[in-house]
Amino acid sequence: MTSTLQAQTGVTQTGPDEFVSLSPPARMGNLLPIAYGGCSIAVAVSAALATVPKSFALYSVLGHFLGPASTTLDLRCRVSRLRDTKSFVTRKVEVVQIHPDGVERKCLELVTDSHIREKSLLTYSIAPTDSHGRPETCLPLAVLRELHVQDASEASKIEGFAAQFSLMDRFFETRLDPSSVSAQNIWGAAKDTITTQDQRHITAKTSAEWSRTIQPMESAQENLAALAFLMDSGLSFLPLAHDHLWLDDVAACSSLDFAMRVFVSHLDLGQWHLKERTTARAGEGRSYSEGKLWDDKGDLVAIMSQQCILRPKKGQTRSSL
């Protein structure tokens, strides 16, 4: 079990523009030995940034998941240098795993773009959709779980959730806003809970929490890899959590693609940051959701958007909401 976020998201160089993860990717939200997608994105970001001059700041990460990653094998990254100019540095990263039979399987491909630091003509930032409490008025997930576990009918599902999703608690301190959907229904595990947002349309519901790393990140590369690790979480099953459904109600629910935009050149995830998630569209067996991250001063730091497979069980349909 990896003890630090740096070890979970970092890489070491094995050859010209070739890297390997410091640790195998870890499982989260899956009973099978299939890795959390944020591990693969974070490792790929680490590999890309290892080839980028420090005078450039990452602002864009775009990619697709190509197949599940095993929790028993290291992630291997091949970096292609697509562009090196005075203003921009662009990298493509292919992430693969080599299985014991020698077969190489692709897990992910992404493209990063970094921009030389420049002065700004305009500076502005959108506010969160809802007014959320400060970290000191929000509650750790463990406290919220204990409140729900008192209900015997929900106890087994919530304990199962705790076991499946413990990875994030290993690296981040998290406090959920009591007014958010995820705080009231334990990220959807207590799916029958009536929340204070039930009167809203699903696209108007919000889930939000404050997060900070348990251990300090020492470099920009470490912070940005940690950002990718954090921002991937919770988007694929957000539509379920916001509509009284859970993972046992679907045949498949996982991320297909992702776009992470970063709006700052200096990031310190050891400080409190607020993440708010919303879902905007579902249909054709997919969903589209976004997570936005603000710093303690209220400035938007990053956005992660994803399309995800949301496949119903055979014979199951759901009406428009």
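Where is aspartate 232 found? Aspartate 232 sits in the loop between helix H7 (220-231) and helix H8 (238-241). The model is predicted.

**Aspartate 232**

Leaving aside residues up to four places away, aspartate 232 touches Tyr36, Gly37, Gly38, Ile41, Phe65, Ser255, Met304 and Gln306. With glutamine 306, the link is a polar contact between side chains, at 2.6 Å.

**Serine 40**

Serine 40 belongs to helix H2 (residues 37-49). Serine 40 is buried, because its relative accessibility is 4%. Which residues does serine 40 touch, not counting those up to four places away in sequence? They are Ala69, Leu75, Val95 and Leu108.

**Leucine 274**

Leucine 274 lies in strand S12 (residues 273-283). Leucine 274 is also a buried residue, with 5% relative accessibility. Its contacts, again without residues up to four places away, are Pro128, His132, Ala208, Glu209, Trp210, Lys292, Leu293 and Trp294. Threonine 196 gives another distance to check. The C-alpha atoms of leucine 274 and threonine 196 are separated by 20 Å, and the residues are 78 apart along the chain.

**Leucine 121**

Now to the surface. Leucine 121 is placed in the loop between strand S6 (104-116) and strand S7 (139-140). Leucine 121 counts as exposed because its relative accessible area is 82%, and exposed means over 50%.

The table sets out the accessibility values.

| Residue | Relative accessibility | State |
|---|---|---|
| Serine 40 | 4% | buried |
| Leucine 274 | 5% | buried |
| Leucine 121 | 82% | exposed |

**A span from the record**

UniProt lists residues 197-309 as "domain: Acyl-CoA thioesterase-like C-terminal", in an unreviewed entry. How much of residues 197-309 is helix, and how much is strand? The span is 14% helix and 44% strand. Its end C-alpha atoms lie 25 Å apart.

Note on methods. Residues numbered from 1 in each chain as written. Predicted model: local features only at pLDDT ≥ 70, side-chain atom pairs only at ≥ 80, totals over all residues. Heavy atoms only, no water. Helix = DSSP H or I, 4+ residues; strand = E, 2+ residues; numbered from the N terminus. Buried < 20%, exposed > 50% of the residue type's maximum accessible area, 1.4 Å probe, protein only. Contact = heavy atoms within 4.5 Å. Polar contact = N/O pair within 3.5 Å; in protein donor to acceptor, adjacent residues only side chain to side chain. UniProt positions renumbered as here; feature names shortened; annotations may be inferred.
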